[in-house]
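Below is a short report on selected strands and side chains. Please read it alongside the sequence and the model.

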Amino acid sequence: MIPEGTRFLLPPEARLKAELMGRLRELFLRHGYEPVELPALESYDPLHPLAERAFKLVDKTGEVLALRSEFTTLLAKLLRPHLGEGVHRFQYAGALWLREADAELGRFREYTQVGLELIGATGPLADAEVLHLAFAALEALGLEGVVEVGLPSLVGEVLKASGLPEEEQKKAQQAIHRKNLPELEDLLGRHPVPEEARKTLLALPDLYGEREVLEEAKRLPLPHRARKALEDLERTLELLERPVLLDLGMARRYEYYSGIFFRAYTPGFGLPLLGGGRYDGALLPRAAGFALGVERALEALRLPKKEEGPEVLALDLKALRRFAGERRVELFHGEDPLDYARRRGIPYLAQGERLWRVE
């Protein structure tokens, strides 16, 4: 038996997983994102966003280590000494581990992500590039994508202008993100909040839909920085030239994201396949990126149950070398290759340079 929250993959799923990761790596490389390799172990940091849920280990020196639980924080920490001026593009892929299963990750404690980070660029054009690649990643996997875009910084700026105490701001943020209007109304009713801020906060949970949502938001009384974020989002969508769903009440981790936050779905599958956004100043001066959950993509693709067999049964090593470069080939071990090929549904036999169809 394997530990709860981990997976053991057999063909064809294991093969397809490798193929999907290869497609994404090639896509990102064609767009200038160079691969980096990150250690599976890192020094334990109690300030890490997932510190409470990380697997902790103690090495022989007594140092507390942690298994890698997410990529962005570790990548930013390791890259800082190596980054010069200009724009840098990186991609990563590999396993992550959490001590506690996460419902958002499909209850896995070990899972695989492929992602990218655009560092040193900010503004609408940079955001449009990252969003474009999110769409392209889903298309490379053969999945139809629906991308939801939020602006957590918009919520954050309005909450700051409300004058609510910090703890109450966090409660309001959670109510807005869950679209719990009665809870939000009750909270605002217990504190002296300026009328303009109250009006905007109560409108945020309903700002969900297509481009018309931007027009609704622009008519609200907004702090200057919130209005600027809204204008940048509008320009980003103009540059992207693809339809998205807007959720301007999306307030997840608004203190972390300085601009857009987005996640992507595919029809008929209820969990997000990828997520990311802009986090200028949180880990690096200017940065944005996203990560795609590979196991989620495998589930969404609804794999066939049967393993795809080889096309050729090779009867010797010469045939294996000759035909494996152009077809799927299996080297035969046994006494009756014809019977084996028929039972497995293998259409061709090969020996040396000769190839013939199984009758």
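This is a predicted model: local features need pLDDT of at least 70, side-chain atom pairs count only at pLDDT 80 or more; totals for chains, interfaces and linings use all residues.

**An enclosed strand**

Start with β12, which spans residues 287-293. It is largely enclosed by the rest of the structure, because 7 of its 7 residues are buried. Burial here stands for a relative accessible area under 20%. Both faces of β12 are covered. One side carries Ala 287, Gly 289, Ala 291 and Gly 293.

Strand β6 covers residues 108-119 and runs antiparallel to β12. Strand β11 covers residues 269-278 and is likewise antiparallel to β12.

| Strand pair | Sense | Bridges | Residues opposite each other |
|---|---|---|---|
| β6 and β12 | antiparallel | 7 bridges | Gln 113 and Gly 293 |
| β11 and β12 | antiparallel | 5 bridges | Gly 277 and Gly 289 |
| β3 and β4 | antiparallel | 3 bridges | Lys 56 and Ala 66 |

In general, strands of a sheet pair through backbone hydrogen bonds, either parallel or antiparallel.

Is Thr 112 buried or exposed? Its relative accessible area is 7%, so Thr 112 is buried. The Thr 112 side chain makes a polar contact with the side chain of Lys 17, at 2.9 Å.

**The three-stranded sheet**

Turn now to a separate topic, the sheet that holds β3 and β4. It is open and has 3 strands, in the order β2-β4-β3. The pairing is antiparallel. Its edge strands are β2 (41-43) and β3 (56-58), and each pairs on one side only. On average, neighbouring strands of this sheet are turned by 40° against each other, direction ignored. Strand β4 takes in residues 64-67, and its pairing with β3 comprises 3 bridges. Lys 56 faces Ala 66 of β4 across this pairing.

With a relative accessible area of 62%, Phe 8 is exposed. The cut-off for that class is over 50%.

**In short**

Strand β12 is buried along its 7 residues, with β6 and β11 as antiparallel partners.

Conventions
Residues are numbered from 1 along each chain as its sequence is written. Side-chain values use heavy atoms; hydrogens and water are left out. Two strands pair if DSSP finds at least two bridges between them. Helices (H or I, at least four residues) and strands (E, at least two) are DSSP runs, numbered from the N terminus. Axes are lines fitted to C-alpha atoms, for helices over the stretch in contact, and angles run from 0 to 180 degrees between N-to-C directions. Buried means under 20% relative accessible area, exposed over 50%, partly exposed in between (1.4 Å probe, protein chains only). A polar contact is a pair of N or O atoms within 3.5 Å; within protein, one must be able to donate a hydrogen and the other to accept it, and residues adjacent in sequence count only if both atoms are side-chain atoms.
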